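Q: Please take me through this model one feature at a time. Start with how each feature is defined, then show me the case here.

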Amino acid sequence: MQVNENAKEWKPLIVAFCCNWCSYAGADLAGTSRLSYPADVKIIRVPCSCRVNPMFILKAFEKGADGVIMCGCHPGDCHYSTGNYYARRRMTLLFSMLDYLGIDRKRTRVEWVSAAEGQKFSLVMNDFAKTITELGENVKLGDIRCKK
Amino acid sequence: MQKVRGLVIKRAGELLSDGTVTRVLGYKCGDFFYDVTPAFFESADQLSDLEYGSFCGANLSKYLINACKDQKEGKILVLLKPCDTYSFNQLLTEHRIDRDKIYVIGVGCKGMLDIEKLKAMGFKGITKVLDNGDELDIKTIYGDKKCKRADALLEKCVCCKGKDFKAFDEVIDVEEPGEKGADRFEGVALLENMTSEERFAFWNNELSKCIRCNACRNVCPACSCMKCVFDNPVSGAAGKVNSNSFEEKMFHIIRAFHVAGRCTDCGECSRVCPQGIPLHLLNRKFIKDIDELYGDYQAGEEVGSRAPLVNFTFDDAEPSIVHERGNE
């Protein structure tokens, strides 16, 4: 969560994991095509969507992320052939588990964005930021007992 | 089960004396009769201490990992209940134990008792528990009491997987084959039907009890990594009780995730938890999701099967399925 002191307006913090070969290039294309996406989205580049360790996502939520989105190559297009197939199963189970633990399932998302889909990247990020803004602040994973 | 105990001691004695095995991995009573711990027996004389009764809930398969590594000669005899054989198979699949070094005696079981449940029912000063079929005679220092056997069963026995042995060299069983237990996903479904806030409050409350004793990890047959990610000081989750409460959550979520697809639902994590956290609800959530999304899979049912999370098909469900189903 971030508070913009001047505007007194709450801004969501969104973490996007983008794979190096498709989605990150897609984000690049969105930039070079002058398509806008919200500045609340912080992109973390990973070699492959399969690189995203479930701990990364939990850490993001611990550090105050309001939403986490993972982008990778479309199934079948993975640079490493099969990485995103494994990632697909993992993320489905992890996000289902996070929902089970009380983190709203709308706060997590997986999208497949190719290097040629700058338009899609921009649309997805705008839509996700809108969803998260509507949901408001996330529940705090980390501050129940040992408030410092 | 006294009968089984007699037969096991006799047979183990024979196998020890003819040299088929050199040690026996079984159970031994601790300070109290219900305080039963795993133990090794190396000669026929020691076998008189071997215990097999209603409090032998522990799953012995994990102890085989270290036992297989020591340089001692000969085979290890191990007593496995039907549900323990699933973990045994899973460890074989993962090449953590050596089948040639192990002699498995499948021992019959009619469900193990949970001393914590008995204590919670208000029985104090228990000196002996006698098994009379469906009823238990509980001798306490305040007199004799009775209770239903079904009310005192361990959680894992309430949802019994059945009495079939999935791996054995011989079976010693005098019990009548029992029925399968209750639906194990009941608790999970109950939570799934709550609202997001209720679930968060529930887990916050439960997981905040954690004292990071690591008992769940140490007892879990699926948690058999030589070096655990949580022992790594730079993992950000190596702290113990001094950590913030996020770590407990992360520890349990990640632990459940690491055993997802390999967890045989042996229920040891919940059994050993000194704080009584229902950890099986996390594991069962993963099992339920895997069953629903990728087809029924029981880890340890057969040796060599490929776990769902190291496998995929081209037409797996998209992660958006999580958004589509649910109650809200």
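A: Strand pairing comes first: two strands pair if DSSP finds at least two bridges between them. Helices (H or I, at least four residues) and strands (E, at least two) are themselves DSSP runs, numbered from the N terminus. The model is predicted, so local features need pLDDT of at least 70 and side-chain atom pairs count only at pLDDT 80 or more, while totals for chains, interfaces and linings use all residues. Residues are numbered from 1 along each chain as its sequence is written, and chains are lettered from A and ligands numbered from 1 in the order in which they are written.

Q: Through how many residues does the hairpin join E7(B) to E8(B)?

A: The hairpin connecting E7(B) with E8(B) passes through two residues. Strand E7 (residues 135-140) of chain B and E8(B) run antiparallel, joined by six bridges. In this pairing Glu135(B) is opposite Lys148(B) of E8(B).

Q: How many of the six residues of strand E8 of chain B are buried?

A: A residue is buried if 20 or more other C-beta atoms lie within 10 Å of its own, exposed if 12 or fewer, and partly exposed in between, with C-beta atoms placed from the backbone. For strand E8 (residues 143-148) of chain B the number buried is zero out of six, so the strand lies largely in the open.

Q: What share of the residues is buried in chain A, and what share in chain B?

A: In chain A, 51% of the 148 residues are buried. In chain B, 40% of the 328 residues count as buried.

Q: How does the radius of gyration of chain B agree with that of a compact globule?

A: The radius of gyration is taken over C-alpha atoms, and the globule rule is 2.2 Å times the number of residues to the power 0.38. For 328 residues a compact globule would have a value near 20 Å, and chain B has 21 Å, which agrees. Along the principal axes, the C-alpha atoms of chain B fill a box of roughly 60 × 50 × 40 Å.

Q: What share of the contacts in chain A comes from residues 24 or more positions apart?

A: Two residues are in contact if their C-beta atoms, placed from the backbone, lie within 7 Å. Among contacts with a separation of 6 or more, residues 24 or more positions apart account for 80% in chain A and for 68% in chain B.

Q: Which residues have the most contacts inside the largest nonpolar core?

A: A nonpolar core is a set of buried Ala, Val, Leu, Ile, Met, Phe, Trp, Tyr and Cys residues joined through C-beta atoms within 7 Å. The largest one has 81 residues, and Ile14(A) and Cys19(A) have the most contacts inside it. Helix H3 (residues 83-100) of chain A supplies the largest share of this core, eight residues. A second, separate core has 48 residues, including Leu25(B) and Phe165(B). Beyond neighbours within four places in sequence, the contacts of Ile14(A) include Val41(A), Ile69(A), Phe128(A) and Ile132(A).

Q: How does the span of H3(A) agree with its number of residues?

A: The expected span of a helix is 1.5 Å times one less than its number of residues. The 18 residues of H3(A) should span 26 Å, and the end C-alpha atoms are 26 Å apart, which agrees. H3(A) is mostly covered, with 15 of its 18 residues buried.

Q: Where is Cys73(A) placed, and is Cys73(A) buried or exposed?

A: Cys73(A) sits in the loop between strand E5 (67-72) and H3 of chain A. Cys73(A) counts as buried because 25 C-beta neighbours are inside 10 Å. Leaving aside neighbours within four places in sequence, its contacts include Cys19(A), Cys22(A), Cys78(A) and His79(A).

Q: How many residues of chain B are in contact with chain A?

A: On chain B, 33 residues are in contact with 31 residues of chain A. H9(B) gives the most to this side of chain B, seven residues.
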